[in-house]
Amino acid sequence: MSVSVQISHRQGNFSLEAGFMGTGRLTALFGPSGSGKTSLINMIAGLVKPDQGHIEAEGRVLLDTQAGIFVPRHRRRIGMVFQDARLFPHMSVKSNLGYGRWFTPTTERYADMNSVVELLGIGPLLDRRPGKLSGGEKQRVAIGRALLASPKLLLMDEPLASLDEARKAEILPYIERLRDETKIPIVYVSHSIAEVARLASDVVVLAQGRVAASGKTADIVQRLDLLPAEERGEGGSMLETHVMRHDEHYAMTILGSPAGEIRVPRLDAAIGVPVRIRIRARDVMVATRRPEGLSALNTLAGTIVAIEPEGRATVEVRMDCGGAPLLARITEQSRQALNLEPGLVVFAIVKTMSFDRGNTGVRHGGEVHL
Amino acid sequence: MTWLLDLTPDEWNAVQLSIKVATVAMLFSLPPGILIALLLARGRFWGKGFINGLVHLPLVLPPVVTGYLLLLSFGRNGPAGAFFEHWFGIVFSFRWTGAALACGIMGFPLMVRAIRLSIEGVDRKLEAAAGTLGAHPVLVFATVTLPLTLPGIIAGAILSFAKAMGEFGATITFVSNIPNETQTLPSAIYTLTQVPGGDAGALRLTLISVIISMVALIASEALARRAGKRLDSE
């Protein structure tokens with residue numbers, strides 16, 4: 001168990017009553033702004049002292065209001081990456097990176113400057129000042145700085161929220177490497193289901209200061225009802241696949257999954273590498289016969305498991321495709337026209353072009369010792 | 001230009017004394033200045049308004065009043081004066097140390113204001129970040145807050161120095177106008193204007209005071225800009 005949190009806190013009109021256990025590699029705290037996720041992470045870091053609660057990380061009690069325990073932030077050995085990077089403007093990138101090292105007992109230092117610099121690709125930036133870095137570079141340096149303090153737990157507070165899409169795509173692979181190649185457990189705050197689905201092993205959904213749901217990412221991503229309205233379009237199903245082969249002629253990669261082969265735009269990954277894909281429910285079409293004369297390349301056969309109405313106009317169709325769950329969001333009109341019912345054998349159609357860097361995540365193998 | 005340097009020994013003494021007094025006043029005001037500025041910028045305590053008022057008092061009181069109050073408290077028979085003489089062997093009244101004290105106190109509000117503004121400008125989120133990296137609050141102050149406050153500290157120090165160079169009322173009231181002991185530049189100029197034939201000397205010293213003040217101001221500007229450039233706001 002990496003982290004367990006139980007908090008009861010009031011701040012003005014807002015009350016936070018939340019608890020969760022983070023056991024996976026990367027636990028995402030997911031929810032709309034104002035749901036309390038940042039407060040929660042600040043409490044784990046020791047930046048905010050809750051009214052009541054108990055926090056334990058890596059077997060060490062950091063907060064126990066009943067026993068009167070409150071470990072100050074500088075003794076928690078918990079790394080934090082802030083949304084706004086917060087690099088020290090009066091120090092070079094190199095000094096920023098080395099800052100936390102000063103305060104880490106020699107015996108507890110496991111992170112090595114060269115490995116971290118290599119992992120994050122920040123070698124060329126070392127002599128620069130933070131003011132001269134782009135948003136994405138700053139965030140990579142901030143991650144490096146937190147790592148080099150050799151933390152027992154790494155907290156990331158919406159590290160991508162203030163970046164544009166291109167910068168996000170630049171950083172995501174580094175966070176994936178962090179998740180897959182280091183041993184530090186990560187708690188990741190986000191309001192974007194795209195990030196959560198791509199990065200998280202476990203998800204805790206927060207709404208208005210309460211835990212609305214928690215569980216494995218694949219299960220949570222399918223619960224469209226848990227998603228805030230503006231994120232609902234991004235919801236769907238998650239499939240764990242692996243690279244079967246590449247089609248160099250058409251610049252595509254063919255992924256193997258329990259549901260069958262799935263063709264996606266060419267990925268930069270070797271044969272056999274695990275790839276996690278998220279298929280947005282709105283990107284899935286449902287057909288009762290195997291379609292012909294259709295441009296979409298992926299046709300997956302399956303059985304309808306359930307149909308759940310979502311408002312008056314739309315329904316969610318849950319399918320089982322060879323053991324893999326697949327979710328489609330279609331209109332009520334289409335459902336009636338096709339006479340879709342649970343038990344029916346159908347074909348789910350997914351365009352290759354609906355896959356992009358935002359919903360295709362390559363799992364990194366190997367292990368990096370920092 | 002040579003006539004400018006052709007000073008009488010008394011005039012030359014006044015220049016040297018002024019620089020000594022101003023430097024000592026500035027250096028000794030710095031530590032309490034930073035401390036009080038920090039207290040006023042960050043502290044939340046009862047009586048903060050009173051401390052703030054006390055610090056600013058020399059700015060609004062007539063300098064003669066400040067000088068007289070110093071005479072009452074730091075004179076040989078005053079409580080503070082007796083204390084310093086007994087425990088540290090330091091005498092203020094009618095000595096150059098008294099001039100430095102008067103100048104330091106007159107410049108203190110200016111120094112505190114500059115440093116306080118600068119501390120209030122430091123992003124506290126950076127301090128929180130330093131804390132999560134394992135730095136004890138004292139070290140956070142030394143490695144993050146203080147360096148980021150540096151432009152304000154430099155500005156405050158120079159303001160205090162400049163004020164000390166020009167201080168007249170409180171100094172002359174507290175430690176009088178004794179050549180070679182408490183006769184600073186302004187006092188010397190004042191004396192020269194009171195005697196027949198002193199005009200040339202007064203003009204010489206006036207020009208010297210202008211030059212010293214200008215150099216100090218330009219140097220502070222340059223230093224603060226250099227420190228500011230290093231911070232290179234994000």
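1. Chain A falls into two domains: domain 1 covers 3-228 and domain 2 covers 238-362. Their centres, taken over C-alpha atoms, are 32 Å apart. This is a predicted model, and the points below should be read with that in mind.

2. The two domains of chain A do touch: 10 residues of domain 1 are in contact with 13 residues of domain 2. On the domain 1 side, at least two residues come from each of helix 5 (165-181), helix 6 (193-199) and helix 7 (217-221) of chain A. By class, that side of domain 1 holds 6 nonpolar, 2 polar and 2 charged residues.

3. Strand 17 of chain A (residues 298-310) is paired with strand 20 of chain A (residues 345-350). The two strands run antiparallel and are joined by 6 bridges. In this pairing N298(A) of strand 17 faces V350(A) of strand 20.

4. Strand 17 of chain A also pairs with strand 18 of chain A (residues 314-321), again in an antiparallel arrangement, here through 7 bridges. Opposite I304(A) stands M319(A), a residue of strand 18 of chain A.

5. Which residue takes a positive phi in the hairpin of strand 17 and strand 18 of chain A? That residue is G311(A), with phi near 75°. The hairpin has 3 residues between the strands.

6. Turning to the contact between the chains, chain A contributes 22 residues and chain B contributes 18 residues. On the chain B side, the elements giving two or more residues are helix 7 (124-132), helix 8 (137-166) and helix 11 (199-231) of chain B. Helix 7 of chain B has the largest share, with 6 residues. The side of chain B that touches chain A divides by class into 9 nonpolar, 5 polar and 4 charged residues.

7. On confidence, the predictor assigns the complex an ipTM of 0.79 and a pTM of 0.80. For chain B the mean pLDDT is 89, and 95% of the residues of chain B reach 70 or more. Both sets of values belong beside the interface in point 6, where chain B gives 18 residues to the contact with chain A.

Technical notes: Residues numbered from 1 in each chain as written. Chains lettered and ligands numbered in written order. Predicted model: local features only at pLDDT ≥ 70, side-chain atom pairs only at ≥ 80, totals over all residues. pLDDT = per-residue confidence, 0-100. Contact = placed C-beta atoms within 7 Å. Helix = DSSP H or I, 4+ residues; strand = E, 2+ residues; numbered from the N terminus. Nonpolar A, V, L, I, M, F, W, Y, C, P; charged D, E, K, R; others polar. Pairing = 2+ DSSP bridges. Domains from an automatic or database assignment.
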